[in-house]
Amino acid sequence: MTTPLVAMENVTVRFKGAQTVHAVNGVSLTLEPGKVLGILGESGSGKSVTLKTLLRLLPESRTEIGGKVMVDGKDVLALGPQELSDYRGAVTSMIFQDPALALDPVYTVGEQIAEAIVRHEKLSAKQAMARALELLELVRIPSPERRLKAYPHEMSGGMRQRAMIALALAARPKLLLADEPTTALDATVQIQILLLLRQLQRDLGMGVIFVTHDIGVAVEVSDRLAVMYAGQIVETGTVRELLRDPRHPYTRGLLAANLHGAKKGERLEAIPGAPPPLNEAPSSCSFAPRCKQAQDICRANLPPAVALGEGRLVRCVQAEAALQPA
Amino acid sequence: MSLSLHAEDGLDRGGAGTPLLEARTLTKHFPLGRGAVVRAVDGVDFTVMKGETLGVVGESGCGKSTTARVVMQLIPQDEGQMLFDGEAVGSSALSLKDYRRQAQMVFQDSFASLNPRLTIEDSIAFGPMVHGVPKSGAILRARDLLARVGLDPARFAARYPHELSGGQRQRVNIARALALGPRLVILDEAVSALDKSVEAQVLNLLMDLREEFGLTYIFISHDLNVVRFISDRVMVMYLGEVVEIGPVEELYDDPRHPYTKALLSAMPSMDPDNRTMEAPLAGDPPNPINPPEGCRFHPRCPQAQTICSKAKPALTPVGAGQRLAACHMEIPGSGHSRAPALEDAA
C-alpha cells in the first residue's frame, strides 16, 4: 500500500472571537498520490476552511486547529516559519475562485510566475522567465510571449484563471488545492478550465483536492467525493458510488436539488430549513433538524461513521439499515 | 387585505392567451467615448405570453441583464418599443408609473437590493405607500405577503436585512416584488447566489406564487438546469442579440443554433462514465464593444463559412414552427452549404 499524499485525522478548526465558530468538526480524509478528491458542500460547510488548513492559510492568532495533518510525510501543523514557506508552493499549492484577487495587479504575469520559481529553485531571472513561458504554454494561453508581459487586468477571466494555474504549478507541487476555481466563469469557459485541470493533473501526476458547491463540476473532475455538512464529512465514496447509491439523506437532497432529470412543473424535493449555526460543537447529528428520517437517537447522539466498504463512509444511523435487503 | 387576481380587477385587457409583453427591436448602447460603443442590447425582439415563464440564458456580456433593466424601464432604451398587454409602455394609455406597478423585478444580490435601515416589513410596504396605500394597510399587506413567502411575520417582520440568511432575504425581495400586485415579475439571477438546497425551496415558492397570483415570469439565469426546470420557453442571447428562442424541451432536445448547441454541451455531464472530453468552444465570450460583422458568433463557430462574416442572419422559423433561430444554416438559400434549398421553404 502506498503512503497517502494527504492524511487528515480528526481535524477540528475553531475561530475564536466574540463567539467561537466551530468551522470544522472532526474531519478525517486521505488522498492517494495522483488522485482527485472532490469536496462538495454549501456555504459554511467547512470545505474551504478544510482546504486552507492544508496550507496553513488561516489566521494563526484567532484559529485553534486540532488533530493531525500530514502531507507528503510532513506534519503540516508542526512546520516552523521557514519550513512552512518552503512547503507552500513546492509541496502544496492552491488556486482560488477569483484570479483577479489572487494575482498582484502591479506586476506582470511573467514576473509573478518567475518570482515563485526563483523562490524555490536556483535559477537566474532569465531562466525563470523562460520557465514561466513554458508554464503559460502548458496551460494553453494563446500567444504566451505577449501574455508574459501582460498585467492581470489586461486578460479575460478565463485567461486569468489559466495564468493563476500556471503560477500555482510554478514550483512543481505534488498537491494542488482548488477552491471553486471555475465558479465565477461562464459555462463555455468553465468546461475548458475543468478539462485543462484534468489533463494537467494526469500529465503531472499531481494529487488534487477540488472544492466546489456544484455536483456537476465535482463529477467532471473527481475520482472520489466527500460531502461536507456543518464542518463534518457526512459521506465519502467514489463518484460512481455517491451518484448511483447516495446513502446520507443530505447527499440525496443535494442530488435532487441539482435538478438533473427533475420533472417539469413538479415540486422539487427540497431540503427544508437552513444549515445550523456553528457556535457550538455538534453533540448530535447536525443534519437531524432538516432530515425527514430523523429519529430520537439522531437528536441525542453523534451519528456513527459507518464504513460500507473500502473508503466508503456514511455518517448516519440508517446507513447500515439501508444495506439490508428490504 | 386579500391579494386579488387580475381577472377580477379589470387590469387584464386582452384576455388569456394573448401576449403580456411584446418587445420590438429593443436597443441599448453605452457610449464609452473615443467612438467606442458597448452594443449591450442590439435589436432584440421577443414576446412573453400571459402566464408563461420565459427563460433567458447567455454568458456574461450577452445583454440579458441590460434587457431586463430596459424591460423594467430602469434605463430607457435607445430604440424600440414595448407593448404591455397591448398598450405602449410610457404612452398616455399606460404611464410609466402604472406600468411599474404591474412589472416588478427581483435581483441577484439579496442584500444590496434591500435598504439596510428599513425593517423588512417597511421595505415591503414602501412601494405600496408610494403608490398611495395608507401605511396601516401597506403594513398589513406586507405581513400577509411575508407569511405567503414562508416567513412567519411575528418572527421576521421587525427584523433588519442583516439579521436574515440569504435565502430568507431573497424571500423578502420576492414578497416586496409582489407587494404592488404585479402581473410580470422579472427574476434576474434571483436564485443564483443561493445554496442548492435553499435554491430548490425558492424555486418551489416561485412556482406556487406563479399559480396563486397568475404571474408571468421572465427568468434570467446562467444555470441551464434551472432554466429548463422552470421555463415554458427559452431565449438564448449572444453579444446583445437573440440567437434562438422557442419552447424549452424542443430547444434543449434539438438546439439549432451552433451557440445554443455549444452552451448545452458545456453543461457538466453528471455521469462519471461519460465525462465531457472536449470543450465545445475555445476562448472567452468576446467583448460587446465593436462586435464582429455579420453573424456575431462566426469567429467562434465551427461551421462558419464566408456568408457568416458578411450578412447578419435573421431569426428564421425552425423545427415544429414555434421556434426561431438566427443562423445561416437554417435560412433557405442563404449561401451556406448546409442551408436548406430554397424550394424546401415552400
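## Exercise 1: The annotated spans

In this predicted model, residues 6–255 of chain A are 41% helix and 26% strand, and the end C-alpha atoms of that span lie 27 Å apart.

Task: Determine which annotation UniProt lists for residues 6–255 of chain A, and describe the span of chain B that carries the annotation "domain: ABC transporter".

Solution. Step 1: for residues 6–255 of chain A, an unreviewed UniProt entry lists "domain: ABC transporter". Step 2: in chain B, the UniProt annotation "domain: ABC transporter", likewise from an unreviewed entry, covers residues 21–264. Step 3: residues 21–264 of chain B are 39% helix and 27% strand, and the C-alpha atoms at the ends of this span are 27 Å apart.

## Exercise 2: Helix α4 of chain A and its partners

Task: Describe how α4(A) packs against α7(A) and against α5(A).

Solution. Two packed helices are described by the angle between their axes and the distance between the axes.

Step 1: helix α4 of chain A spans residues 109–120, and helix α7 of chain A spans residues 157–168. Their axes come within 9 Å and cross at roughly 20°. Angles under 35 degrees count as roughly parallel, and α4(A) and α7(A) are therefore roughly parallel to each other. Their crossing is right-handed.

Step 2: the residues that meet are Val109(A), Gln112(A), Ile113(A) and Ala116(A) from α4(A), with Ala163(A), Ala166(A) and Leu167(A) from α7(A). By class, this contact of α4(A) with α7(A) holds 6 nonpolar residues, 1 polar residue and no charged residues.

Step 3: helix α5 of chain A (residues 125–138) packs with α4(A) at an angle of about 115°, the axes being 8 Å apart. That makes α4(A) roughly perpendicular to α5(A). The crossing of α4(A) and α5(A) is right-handed.

Step 4: on the α4(A) side, Gly110(A), Ile113(A), Ala114(A), Ile117(A) and Val118(A) meet residues of α5(A), among them Ala125(A), Met129(A) and Leu135(A). The contact of α4(A) with α5(A) comprises 9 nonpolar, 1 polar and 1 charged residues. Ile113(A) belongs to the contact with α7(A) and to the contact with α5(A).

## Exercise 3: A helix pair in chain B

Task: State at what angle α4(B) and α7(B) cross and which residues join them.

Solution. Step 1: α4(B) covers residues 120–130 and α7(B) covers residues 166–178. The axes of α4(B) and α7(B) come within 8 Å, with a crossing angle of roughly 25°. The two helices are therefore roughly parallel to each other, and their crossing is right-handed.

Step 1: α4(B) contributes Ile120(B), Ser123(B), Ile124(B) and Gly127(B), while α7(B) contributes Val172(B), Ala175(B) and Arg176(B). These residues divide into 4 nonpolar, 2 polar and 1 charged.

## Exercise 4: Two open sheets

Solution. Strands of a sheet pair through backbone hydrogen bonds, either parallel or antiparallel.

Step 1: Strand β1 (residues 6–15) of chain A joins β2(A) in the antiparallel sense over 8 bridges, and Met8(A) stands opposite Leu29(A).

Step 2: β6(B) runs parallel to β7(B) (residues 184–188), joined by 4 bridges; Ala103(B) stands opposite Leu184(B).

## Exercise 5: Where the chains meet

Task: State how many residues each chain gives to the contact.

Solution. Step 1: chain B supplies 33 residues and chain A supplies 34 residues. Step 2: α8(B) gives the most to the side of chain B that touches chain A, with 9 residues. Step 3: by class, that side of chain B has 17 nonpolar, 10 polar and 6 charged residues.

Note on methods:
Residues are numbered from 1 along each chain as its sequence is written. Chains are lettered from A and ligands numbered from 1 in the order in which they are written. This is a predicted model: local features need pLDDT of at least 70, side-chain atom pairs count only at pLDDT 80 or more; totals for chains, interfaces and linings use all residues. Axes are lines fitted to C-alpha atoms, for helices over the stretch in contact, and angles run from 0 to 180 degrees between N-to-C directions. Angles under 35 degrees count as roughly parallel, over 145 as roughly antiparallel, 65 to 115 as roughly perpendicular and the rest as oblique. A crossing is left-handed if the near helix is turned anticlockwise from the far one by less than a right angle, and right-handed if clockwise. Two residues are in contact if their C-beta atoms, placed from the backbone, lie within 7 Å. Ala, Val, Leu, Ile, Met, Phe, Trp, Tyr, Cys and Pro count as nonpolar, Asp, Glu, Lys and Arg as charged, and the others, Gly among them, as polar. UniProt positions are given in the numbering used here, feature names are shortened, and annotations may be inferred rather than shown by experiment. Two strands pair if DSSP finds at least two bridges between them.
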